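Trainee: I would like to learn how to read helix packing and a chain contact from a model. Could we work through one together?

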Amino acid sequence: MEATATGAAVAGVEELRVEGLTKRFGGLRVLEGISFTLAPGDILGVIGPNGAGKTTLINVITGRTPPSGGRILLGGHDITGEPTHTVSRRGVVRSFQQTNTFKSASVRENVSRALRFSGTAGAEGWARVAPLLEAFGLASRLDEQSDKLPYGLQKMLGLTLAYAADPKVLLLDEPAAGLERSERTRVDEFVHHVRARGCSVLIVEHDMDLVRRLCPRIIVLDAGVVLAEGPPAEVLSRKDVIDAYVGADAAEDEAA
Amino acid sequence: MAPEPNLAARSPSRWGAQEWVAVAIFVAALAVPYATEDLLVHSIVNRVLIGAMAAFSVFIMLRMDLLSFATPAFMALGGYSAVLLAMNGVTEVLLIVPASFIVPALVALPLGALVLRLRGVYFVLVTFVLTEILQLIVFLTPGLTGGSDGLAGFPAPTLLGRDLSDAQSVLALAAAMALLAVVITAALTAHFRQHFAAIEENEVLAESLGLVVWRYKAMGFVVAAGIAGMAGFALGNMLLTVHPTSFGAQQAVDTIVYTIVGGRGSILGPVVGASLLVTAADFLGNQGQYAQGLFGLLLIFVTLVARGGITGAVVTLARRLRDARRTPDAPAAAASEAAARGGA
């Protein structure tokens, strides 16, 4: 009993709760009353058509854009409207849709900056990211300039940088976009790796295979509202979801 | 092969060869007033030192990809503060030099809170306006600043009671301030090299990894203002007057050209740029308008052809020569590398 209570308390510390999050740009409603909870170790998929508000959701949670309403709580602490660097230091870190590295810096400098800026510099930080650098084949290219790397590796470096910042919650904005099919399993590797270390992950993604593989639970955004929430098999077979977004392809996939 | 943590532990804030060379140049400049009595040499070296100081101010902001036109405004604040102190009986350089740094630095703090959230062309425009506004304030406050007449005939600075009004001392004082400026600039830009580079390249990423971007921008802005202030005092001390026309937009343009033509990527850039362009302008003599034309053409040339300026081009060339020497069969190696890349 006691162990459970302690476990819940520890879990509470790192739990991300989004409550009634709303964002309007002038008269344009981009997010309307979005609520969800991300417990430690959770993997949540966020899907929806282009313009549904997926990236805006990440921008608002990480303090890049102030919300028009609603709250964001990390372990019960209200982090709504805090600046990006503060949110990041608290452990909510994002990756970017486009490859986002320090282009003219080497792989080593990139990682070293991520460790330093997040206040986790030193051997400990390097030990934490070393397995990822190894797995993605970046370990042997530490002195290469990051924008000279193949696109897929730049993308994986971007994910590694986000993890280097020692997150409790990772928000991944289309981690597989632009990757070749054969490279996409690296995203799986990444997510499994960070999750095994207690990180919770929110993944915005268009690759439905990847979403099905990785996410036990997904939410579907459409025009800023949550259209559906639940396990992917169930949600992706709903007629309204298919109509809104997934279209004929996925329906065929489901049938097959 | 796993990356060894000790590979990562190389101190990134250490001074490189360029910082040491820059400091050595200004140490050498201290000897110039005593090595020659040629007043033309004194005049050129003095103007180079002032130009380089002002260019360091621009250089610091460019490390964070912010092109500042506010340098003359801070020069004016430093220059007028020092001269007003001298006119009120404080002539000791150990007091008025720090004052010429601190006054603009203090003004930069609240100004920075307003303007440092801007980027790109907006930052350029607002800093340009700051220079215009400060000049206007000078014109509108003749009681304090002498207005359009400027302030002249102020007592010469002294060092521990010793009068510094002779030509040698004027140049030596400028050299000492320039040495201070280069040491401060080198210390700041080397210590925060990784932070500034991250802000220059990808501010959004740096912030999302936890870097408190505004803090570094504010620090850079404040120090840049202080260094500009010292340049302003050195200029007033050389001209024996502080005058609003010394601190206008033209001064901002000249200073930026020194930095960009010299090379914005190295602390030697402002030094090389100021040395060459001040001297070149001097050779054109009274035909001042040709100097402006020359600066304009050089700026266009550098922006189009050699983004790293003169120092950038030299570094690239040196690197190429070194690589060519390492691999005697360089063309073949390059060709095979290109082929491999094409095949990949």
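Trainee: How close do the axes of α9(B) and α11(B) come, and at what angle do they cross?

Mentor: Two packed helices are described by the angle between their axes and the distance between the axes. Here, in a predicted model, helix α9 (residues 167–191) of chain B and α11(B) have axes that come within 10 Å and cross at roughly 170°. That makes α9(B) roughly antiparallel to α11(B). Axes are lines fitted to C-alpha atoms, for helices over the stretch in contact, and angles run from 0 to 180 degrees between N-to-C directions. Angles under 35 degrees count as roughly parallel, over 145 as roughly antiparallel, 65 to 115 as roughly perpendicular and the rest as oblique. Helices (H or I, at least four residues) and strands (E, at least two) are DSSP runs, numbered from the N terminus.

Trainee: At what angle does α6(B) pack against α11(B)?

Mentor: The angle between α6(B) and helix α11 (residues 213–239) of chain B is about 140°, with the axes 7 Å apart. That makes α6(B) oblique to α11(B). The crossing is right-handed; a crossing is left-handed if the near helix is turned anticlockwise from the far one by less than a right angle, and right-handed if clockwise. Among the residues in this contact are B:S100, B:P104 and B:G112 of α6(B) and B:G226, B:G229 and B:G232 of α11(B). By class, the contact of α6(B) with α11(B) has 17 nonpolar, five polar and no charged residues.

Trainee: And how does α5(B) pack against α6(B)?

Mentor: Helix α5 (residues 71–87) of chain B meets helix α6 (residues 93–115) of chain B at about 135°, their axes being 8 Å apart. That makes α5(B) oblique to α6(B). Their crossing is right-handed. The contact of α5(B) with α6(B) has twelve nonpolar, three polar and no charged residues.

Trainee: What is the secondary structure of chain B as a whole?

Mentor: Chain B has 16 helices and four strands. Its radius of gyration, taken over C-alpha atoms, is 22 Å, close to the 20 Å of the globule rule (2.2 Å times the number of residues to the power 0.38) for 344 residues, so chain B is as compact as a globular protein of that length.

Trainee: How many residues of chain A are in contact with chain B?

Mentor: There are 32 from chain A, in contact with 18 of chain B. α4(A) gives the largest share of the chain A side, seven residues. That side divides into 14 nonpolar, ten polar and eight charged residues.

Trainee: What should I know about numbering and confidence?

Mentor: Residues are numbered from 1 along each chain as its sequence is written, and chains are lettered from A and ligands numbered from 1 in the order in which they are written. Local features need pLDDT of at least 70, side-chain atom pairs count only at pLDDT 80 or more, and totals for chains, interfaces and linings use all residues.

Methods:
Nonpolar A, V, L, I, M, F, W, Y, C, P; charged D, E, K, R; others polar. Contact = placed C-beta atoms within 7 Å.
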